[in-house]
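Here's a walk through a two-chain story, told one contact at a time. Keep the viewer open and follow along.

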Amino acid sequence: MLKTIHHFQTSIGRKQVVATTGLMLILFIIGHLIGNLLIFGGPELYNGYAAFLVKLRPGLFVIEGALGVVFLIHIFFTYMLIHDNVRARPKNYKIVATKSERSFATQIMPFTGTIIFAFLFYHLWDFTFTPHHGAQSILRDGKDYGLYGLVYNAFSDPLHSTFYIIAMMCLGFHLSHGVESFFQTYGVTNTKHTATIRMISQTFGVLVGWSFSMIPVYILVKNLSGN
Amino acid sequence: MLDSKIPSGPLKEKWANHKLHLKLVNPANKRKYQVIVVGTGLAGSSAAATLAELGYRVKVFCIQDSPRRAHSIAAQGGINAAKNYANDGDSIDRLFYDTIKGGDFRAREANVYRLAEVSHAIIDHCVAQGVPFAREYSGYLDNRSFGGAQVSRTFYARGQTGQQLLLGAYSALMKEVSRGNVEIHPRTEMLDLVTIDGVAKGIITRDLISGKVESHAADAVILATGGYSSVFYLSTNAKACNATAIWRAHKRGAFLANPCFTQIHPTCIPVHGDYQSKLTLMSEGLRNDGRVWVPKNANDKRDPSKVQIAERDYFLERKYPTFGNLVPRDIASRNAKEMCDSGHGVGETGMAVYLDFADAIKRLGKEKISERYGNLFEMYEKISGDNPYEKPMMIYPAPHYTMGGLWVDYNLMSTIPGLFVLGEANFSDHGANRLGASALMQGLADGYFIIPYTIGDYLAQTTPAGMDLTSFPAFREAEGQVVQKVSRLLAAKGKRTADDFHKQLGKLLWDKCGMARNEAGLRQALNQIPAIRQEFWENVNVPGSGEDLNQSLEKAGRVADYLEFAELFVMDALHRNESCGGHFREEFQTPEGEAKRDDSKFCYVAAWQHQESGAEPVLHKEPLKFESVNLTQRSYK
Amino acid sequence: MDKKLNLKLMLWRQNGAKDKGKFETYKVKDIDVSMSFLEMLDVLNETLTREGQEPVAFDHDCREGICGACGAVVNGKAHGKLKGTTLCQLHMRHFENNETIVIEPWRAKGFPVIKDLVVDRSSFDRIIAAGGYISAKTGSAPDANAIPVAKESVEQSMDAAACIGCGACVAACPNAAAMLFVGAKISHLVLLPQGKVESKTRTGNMVHQMDKEGFGNCSNEYECEAACPKSISVSNIALMNREFMFSKNPPKP
């Protein structure tokens with residue numbers, strides 16, 4: 001036990017915690033994405049999925065709580081790493097230049113991470129802690145469409161949608177570096193596989209970013225075309 | 001009075017018998033002895049690590065910021081060993097003979113035989129340490145060939161063999177540091193040797209960061225401080241390489257042997273400007289596949305691609321059909337010089353010859369060549385701006401290694417009891433010319449497998465000091481002298497930089513005591529050196545203070561010692577009225593222009609003794625007895 | 001080829017570890033393009049000395065790219081803009097006439113400045129002392145060919161062993177991490193059968209020492225690989241990470 005604690009006090013150990021929690025969050029994101037994409041199947045399918053989730057409670061609360069803890073650990077360990085990193089270079093260079101071809105995603109990791117963190121609260125307030133029935137769920141035909149209606153109404157607002165799309169792009173960028181980092185941190189990378197892993201990572205990031213963004217885009221377009 | 005302590009008995013049994021008769025220090029008593037090692041190249045690091053493993057307390061000093069940066073790191077090509085893995089007829093006897101012959105019969109038979117004998121163990125040990133030597137697909141070790149040998153006995157790690165061997169020795173040293181058996185003092189320069197009643201008992205050092213001058217006492221002192229090639233200013237040696245440690249020891253009574261035996265390496269990147277600070281070696285390994293040539297017509301300034309095969313003179317292949325491009329270094333260098341002197345040289349200055357890989361690339365493919373020499377080709381391109389895959393390399397000889405050094409007996413002890421000298425700093429194994437890939441072998445042989453035995457014999461007969469000797473007057477006096485010299489350098493406040501004097505001295509020596517020497521030139525040099533030295537002390541400008549990191553001060557101190565050493569260097573070259581190996585006296589050559597030895601008069605080691613009064617040094621001769629080989633005119637035809 | 005350059009140098013001057021340090025501007029004239037960067041600094045230093053000023057302190061030794069002594073951050077890039085090159089092998093033909101060159105020392109907590117461009121890299125020695133070796137005593141080895149080693153492993157090991165310990169990886173890393181240096185040594189040894197025996201304690205000990213020296217953490221930006229004069233791959237860091245999972249940790253001090 002003591003050994004494990006020591007392990008997670010080292011630079012590499014901490015990174016492995018970040019990588020492990022990152023992987024858990026990725027699994028969650030995949031699940032969440034699949035669920036969300038059900039929106040394309042119409043209100044019944046989508047609300048059915050929501051109702052199914054509600055039925056899983058209170059067990060689901062435990063999982064959600066654990067997920068929250070994982071998320072906090074992910075952030076806390078990242079914070080510790082950054083804290084050390086800042087201390088490791090007390091005085092910075094006059095000119096900071098780069099020799100590598102490191103991607104844009106890599107350079108903006110802390111930024112995208114912060115945006116995702118802020119987004120999470122907004123998102124929970126937006127869809128989880130807002131009542132799923134009532135004025136905000138009523139569509140143009142005057143009927144209450146439950147969660148489907150809530151989401152539909154929210155994304156009909158271009159501003160609201162834009163913010164979501166930006167957040168999802170950040171998530172995409174974050175993942176496109178994060179997945180690759182996971183492999184590196186767990187030592188799966190070697191010179192032969194580096195290029196493949198990088199490709200998988202970037203593809204995954206783009207895919208997740210785009211897929212999530214499809215939802216507000218779809219609703220925006222649908223709303224504008226008057227359906 | 002020079003007792004080389006060569007054991008009696010047949011050559012092949014000398015070392016084994018000697019080891020049996022050497023006195024031993026009881027394991028429990030080893031801790032009572034303090035040993036100082038100066039220098040952390042292959043010889044120093046390996047000695048320090050091994051002595052610490054045995055249980056001695058070891059203090060290690062180096063001028064670099066880390067022991068890992070000693071100049072052994074720059075050795076490229078490889079390390080010899082008589083393993084005969086190539087099944088091509090190698091043996092201890094053949095390695096011995098090649099080394100003796102390569103050295104033009106001016107080395108001690110017994111030392112060289114021992115070197116060949118322990119060469120096996122070096123490779124075994126280095127592999128165990130994790131040195132990534134090149135291997136075949138079978139997983140077994142690969143070999144390449146080197147100059148002066150007709151067998152493939154050179155083990156290598158790409159073009160970075162010295163680096164890998166040094167990192168091996170360094171890691172062994174750091175292992176002992178972590179175990180508390182070794183104390184390392186990096187960025188610390190030895191500025192004097194301290195003797196008490198004629199016995200080496202410690203050193204005076206200067207901390208290069210704080211400027212603090214300190215005394216360190218020990219029961220034995222080991223110098224492994226390398227050679228003095230940079231006396232020429234331009235050489236393949238690192239900028240910090242210097243002769244201060246051996247010169248200080250010499251002035252305290254250690255004899256200096258054969259200083260005129262210097263090696264000029266044939267394959268270096270030519271000089272291209274006054275600002276040049278060093279010359280870069282291209283490994284001798286390149287001569288395995290590269291062909292050396294110049295245009296047949298003098299002053300042919302055409303692009304090499306325009307010079308037809310028939311118009312080229314592959315002079316080494318022409319003159320030495322048996323060894324071809326793989327003749328020993330001294331011969332390859334001298335021939336290149338001859339070609340350039342007769343107007344066949346190429347390049348802007350006309351002081352270069354081609355080393356051409358076109359045929360090898362045609363035969364083996366670019367990939368194979370790149371696998372063998374890729375890093376060297378890259379380095380060449382970085383420096384010269386030319387791509388050697390497309391255009392032949394241009395090379396010219398440059399000072400590289402010094403066979404001369406402090407005189408040591410068979411136990412590697414100098415004429416000062418308790419002062420041992422290892423590696424390039426001693427004179428012992430290479431005679432008048434060293435074969436490629438043998439320096440690494442000697443450094444590691446001395447450090448791993450010879451000194452651990454022989455120092456025990458000395459210490460077993462010495463009572464450990466058991467107290468701090470540094471308060472003794474000998475230490476106080478020596479410290480005072482060091483401090484005084486430092487302040488004298490700082491006080492001169494003249495107009496010229498130390499580098500400026502170094503360049504002047506270097507050029508004089510290169511012209512008069514370089515690849516070819518003659519009496520008139522040597523006498524001129526002897527006249528001029530004292531004048532340069534005098535001006536140095538009056539007109540050198542050393543800025544800054546002695547109390548912090550002051551690289552100008554370090555440099556000035558080393559140049560000051562070179563200015564003294566140079567005189568002995570030239571004197572030795574003048575006295576040796578024969579040509580042998582790297583010492584080529586124009587007056588003494590065969591009709592074909594080869595070095596002509598005079599075995600009747602000069603078959604000895606010239607060991608010089610310093611005179612306190614400033615009088616001329618006294619020459620002592622250690623006759624060289626050859627019992628197992630016949631002295632012949634070296635022939636590589 | 002006879003081109004000459006006039007340059008403006010903005011150089012970090014710091015008189016000792018305690019001094020705050022500042023940039024000074026110098027002009028150098030008639031710099032031959034075939035000079036190395038260090039030879040250009042030599043020219044500056046000779047001039048400064050003649051003018052009675054203290055020359056710029058910088059570490060250098062072999063000047064052929066193998067000893068690892070030299071190094072400075074030139075215009076924000078460790079060892080200058082060329083890849084796979086040490087500062088001593090960077091030649092002036094890669095600069096423009098009238099260019100301003102900003103020259104700074106390696107900056108990292110693990111590499112405190114000693115003077116001007118000279119930094120203290122003894123932290124690297126302590127990391128090696130913590131475990132960067134195979135504990136084979138002199139004299140104990142079997143025949144060199146007793147244990148065959150796959151050519152592929154030895155080549156990979158050599159790729160990692162090529163590290164010259166210059167510290168450019170630390171200097172270039174946005175987090176001043178020493179992971180490439182440590183990873184390279186761990187890979188070099190663990191890829192050989194001889195080095196496998198004590199790999200578990202080695203990795204743990206070296207990583208702990210690295211952390212103790214105050215180096216930062218890897219954020220997988222791979223600046224180290226790009227700055228490494230021997231182009232050592234970041235896959236060595238991956239290998240170290242993997243080894244670390246199975247390592248034995250030393251007791252907490």
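Predicted model: local features only at pLDDT ≥ 70, side-chain atom pairs only at ≥ 80, totals over all residues.

Glu535(B) makes a salt bridge with Arg496(B), and the closest N and O atoms are 2.9 Å apart. This pair links distant parts of the chain, since Glu535(B) sits in helix H15 (residues 519-539) of chain B while Arg496(B) is in the loop between helix H13 (473-492) and helix H14 (498-513), 39 residues apart. Arg496(B) itself counts as buried, at 17% relative accessibility.

Stay with helix H14 of chain B for a moment. Lys507(B) and Asp511(B) are four residues apart there, so about one helical turn separates them. Their side chains meet in a salt bridge, 2.9 Å from N to O. On our scale Lys507(B) is exposed, at 52%, and Asp511(B) is partly exposed, at 44%.

Now for a pair with a longer story in sequence. Lys12(B) forms a salt bridge with Asp93(B), with 3.3 Å between the closest N and O atoms. Lys12(B) lies in the segment before helix H1 (14-21) of chain B and Asp93(B) in helix H4 (residues 92-102), so the pair ties together parts that are 81 residues apart in sequence. Asp93(B) is partly exposed, with a relative accessible area of 32%. Charged residues also join up in a network of salt bridges, whose members include Asp104(B), Arg106(B), Asp330(B) and Arg634(B). Over all chains, the count comes to 67 salt bridges.

Next, the strands of chain B. E1 (residues 34-38) and E2 of chain B pair in the parallel sense over five bridges, with Ile36(B) standing opposite Lys59(B). Four of the five residues of E2(B) (residues 57-61) are buried, so the strand is largely enclosed by the rest of the structure.

His160(A), in helix H8 (residues 158-185), is buried at 14%, and its side chain joins that of Tyr122(A) in a polar contact of 3.2 Å. Ile30(A), in helix H2 (residues 11-37), is partly exposed at 33%. Together with Leu23(A), Leu27(A) and Ile34(A), Ile30(A) makes a nonpolar surface patch of about 350 Å².

Key. Residues numbered from 1 in each chain as written. Chains lettered and ligands numbered in written order. Heavy atoms only, no water. Patch = residues over 30% accessible without salt bridge, like charges linked within 9 Å, V, L, I, M, F, W, Y side chains within 5 Å. Areas by Shrake-Rupley, 256 points an atom, 1.4 Å probe, with all protein chains shown as cover. Salt bridge = Lys/Arg side-chain N within 4 Å of Asp/Glu carboxyl O. Helix = DSSP H or I, 4+ residues; strand = E, 2+ residues; numbered from the N terminus. Buried < 20%, exposed > 50% of the residue type's maximum accessible area, 1.4 Å probe, protein only. Pairing = 2+ DSSP bridges. Polar contact = N/O pair within 3.5 Å; in protein donor to acceptor, adjacent residues only side chain to side chain.
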